[in-house]
Amino acid sequence: MIEQIGAWRRRRVLTGMAAGTAVLAAPALLRAAPSGKPVKVGGTLSLTGFLAQTAGIHRIAAEIMVEEINSRNGFLGRPVEYVLLDDQSKPEMARSLYEKLITVDKVDLIQGPYATAPILAAMGVAQRYGKVMIQSSMGIPKLQTYDRAFPATPFGPEPDKTYPNVILDAMASIPTPPKTIVVLTSKFPSAQFMAKGMQKEAEARGVKVMLYLEYESGNHDFGAIAARVKEANPDFLWVGSLGLESNLLLEALRKLDYAPKNHFHLYPAPGPLALSPDGDRALCSTFLEPDEPFMSRPGMKRYAAEFKERATKANLPYTTIDAQACGMISEWQMLEAAVNGAVSLDDAKIATWLKTHKVDTVLGHLRFDGPYNHGDASQMIKQVQHKEWKVVWPKEFAAPGVKLIAS
Amino acid sequence: MPSATLLGQALISGVLAGGMYGLLAMGLSLSWGLLRLVNLSHFALAFLAAYIVYELGTTWHVAPWWSAALVVPAMFGIGAAQHWLFDRFRVNELASLLITFSVAVILEAGIQLYWTADFRRYETPYSTLSIKAGPFFIPVLELALCLVAGTLAWGTWLWLRRTFVGKALRASAEDADIAAAYGVNHKQLAYLLSGIGAAYAGIAGTFIALIATLAPAEIWTWLGVVFAVVIIGRLGNPLGALLAGMLIGASQSVAMAIFSPAWAPVVSFSILIVVLLWDPEWL
């Protein structure tokens, strides 16, 4: 009797172990690892040159996505291989390298490079060979005239009209809405494009534009510009800056013992501005920050943790996932969805699928049936609060308890 | 029309910014004028020094002046070693342009490999300190830079004109064979001068770390304007380089205050063209 009970118990334990093992192994068995000839996806990033700050971020995001896609089913059961080349931040180099990727490396698919000028250069090549090109950083959507080029970031078709109004709406919500504005911008094309829009929309809403100033991209001497801003003393300072230009401007203003009342910065380096002693309450454009409600989007927590780990290992000074990295994640999510949806690697079929479907990405539900293949605009405003970026506008995207702080 | 305060402030900012142009131009001017070597790696050496000062300051909390005490002699050594290579391979003026450009590209890649391509900013308590003089504000770091640049320019100018070594260097630049006939050992002096030029890059780099933003591609930021400064200030003339730097800095800044800031680069190159066409004797 005792032996029977013992045998019965052993059988139950063994059966349980076998069942447990089967349950654990089932997902792996059901989704067979991709096999066969790899699907080559080619692209360039500005790994060197003046845009190289962003390439480290994009490369990490792309690596995370390629590994994740391969851990699922790859593309149509085949493993994905990312062929990444360095365009040195030069459009002419991007053009040559995309030509090489398509004709010499014989890649199956391509992903777009970073920044408007290299994207435009690569787009010409993509168009010549009929390749689908998904990009995440073209700041001037109306230039995306190729019908197989798709945006992975929700700029909307006319960000020069829509986004200034998001900013002006936010400013109108503060206790003392600004009556005067200074628009200061780099001559970098996408920044200049937005600055013109800001000037126009501010005037249309009765906000007096006291100064509209353009400076050379990469300018280091902000002394005289700061003196002009101080003399104008606007209620709101809008800066079409890139990289560390905003830090330099704010420092130059502090050297003149002046702090702007409310200030917005278009494309600054996020880490240095958040951590700068002058960065408190600075406003900036974004599509997402690692906070609620964005962290509840599928996969977002995993991407954020993975990005932090890899960025720390790569010695990046700012290891928090942000809209830049998520732009690249969104590119790969789109490509994966389109390949699976079209059940094909054929560019024509992929393009048709994208135009007729919505894709769930970390940047929201994207659609591509509007002008220049753009869908709805979803640009937001973030603000430095206690050395961290927080989405503050539109209100429904602000984390619980976070709100726009005016000067 | 801008106010007098705005113009005055712009002038102060411009002259002080010109100090950086002058300081960067000095080493280049000496090397080009007296050694007949156009050393484009000068900019990369300045940024290498800046990155080392940044690293020592942010990781090891070494005060910038102590970092400078380490970096400047090291740069002197690098400059002398670089000249050994130029001498060993008989590099001429044109070849030096290409070779030092390649060296700069390699240094840029090396900097990116170690410090990544990201922007780096060395925040110090004196980054935004200013002295108030009436309605004007004078940034302390830029003022210190100008004082250092002024001292170096005067010291080097006097050294070149009043000492035997300086006169020998100038004589060699005029005619190396005749100078050698008078017992001038040009080769030895060239090592010294090359080291000094690189040491000046080290000093400039220390201030770049404190004032500017660091990114590997920024190496090329000042190339155009500093070349204009070297030519306007006359080759081999450190005082001329500093004054030309201040002239260009002030002109750019006043242009920024009156017209669009985007016109600033046009100003420096317009001055260069005017000076080259006019070629005044007093210069």
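**Figure 1. Length of helix 6 of chain A in the predicted model**. Helix 6 covers residues 189–204 of chain A; helices (H or I, at least four residues) and strands (E, at least two) are DSSP runs numbered from the N terminus. Its 16 residues should span 22 Å at 1.5 Å a residue, and the 23 Å between its end C-alpha atoms agrees with this; the expected span is 1.5 Å times one less than the number of residues. Gly206(A), with a positive phi near 80°, follows the helix.

**Figure 2. Buried residues of helix 6 of chain A**. Among them are Phe193(A), Met194(A), Met198(A) and Gln199(A). A residue is buried if 20 or more other C-beta atoms, placed from the backbone, lie within 10 Å of its own. The buried residues of the helix pack against helix 4 (116–129), helix 5 (159–172) and strands including strand 6 (180–186) and strand 7 (208–215) of chain A; contact requires C-beta atoms, placed from the backbone, within 7 Å.

**Figure 3. Domain 1 and domain 2 of chain A**. The assignment, automatic or from a database, gives domain 1 as 39–154 + 293–376 and domain 2 as 159–286 + 381–397. Their centres, taken over C-alpha atoms, are separated by 29 Å. Each domain of chain A, domain 1 and domain 2, contributes 10 residues to the contact.

**Notes.** Residues are numbered from 1 along each chain as its sequence is written, and chains are lettered from A and ligands numbered from 1 in the order written. In this predicted model, local features need pLDDT of at least 70 and side-chain atom pairs count only at pLDDT 80 or more, whereas totals for chains, interfaces and linings use all residues.

Notes
A residue is buried if 20 or more other C-beta atoms lie within 10 Å of its own, exposed if 12 or fewer, and partly exposed in between; C-beta atoms are placed from the backbone. Two residues are in contact if their C-beta atoms, placed from the backbone, lie within 7 Å.
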